[in-house]
Amino acid sequence: MSDSGTGKCSLDENLARCTCTYPGCPRKGRCCECLAYHWKSSQLPGCLFPADVERTYDRSLKRFLEIYGSGSGMAG
Ligand code: SF4
């Protein structure tokens, strides 16, 4: 997320909304790094998973598609 009008990411805002429970990750709040890191392994950031799945640390695209592939469970 960008802070108001500057066009720059706000680490504080990102940390405030981050739902990842993995302790000690250096990419926490750095969403671009988080996405790139997981995507290299066909995974997605923890924030895209429901809380009960996020807690398992299974970030795989396979798991994501099991949850959302049918279009069910989508946010919003
Ligand atoms: S989803 Fe992965 S890279 Fe992102 S903050 Fe959590 S453990 Fe770190």
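Ala, Val, Leu, Ile, Met, Phe, Trp, Tyr, Cys and Pro count here as nonpolar, Asp, Glu, Lys and Arg as charged, and the others, Gly among them, as polar. On that scheme, the shell around the ligand in this predicted model comprises 6 nonpolar, 2 polar and 2 charged residues. The protein itself contains 4 helices and 0 strands, and buried residues account for 7% of its 76 residues.

**Fold**
- Along the sequence, the secondary structure elements follow the pattern α-α-α-α.
- Of the contacts between residues at least 6 apart in sequence, 22% join residues at least 24 apart.

**Ligand surroundings**
- Three cysteines, Cys20, Cys25 and Cys34, are among the residues around the ligand.

**Backbone at two loop residues**
- Most residues other than glycine have a negative phi.
- Ser42 has a positive phi, near 55°, and is a residue other than glycine.
- Ser42 lies in the loop between helix 2 (31-39) and helix 3 (51-54).
- Ser42 counts as exposed because it has 11 C-beta neighbours inside 10 Å, the limit for that class being 12 or fewer.
- Tyr57, also a residue other than glycine, has a positive phi near 65°.
- The position of Tyr57 is in the loop between helix 3 and helix 4 (61-68).
- Tyr57 has 12 C-beta neighbours inside 10 Å and therefore counts as exposed.

Methods. Residues are numbered from 1 along each chain as its sequence is written. This is a predicted model: local features need pLDDT of at least 70, side-chain atom pairs count only at pLDDT 80 or more; totals for chains, interfaces and linings use all residues. A residue is buried if 20 or more other C-beta atoms lie within 10 Å of its own, exposed if 12 or fewer, and partly exposed in between; C-beta atoms are placed from the backbone. Two residues are in contact if their C-beta atoms, placed from the backbone, lie within 7 Å. A residue is near a molecule or strand if its C-beta atom, placed from the backbone, lies within 6 Å of it.
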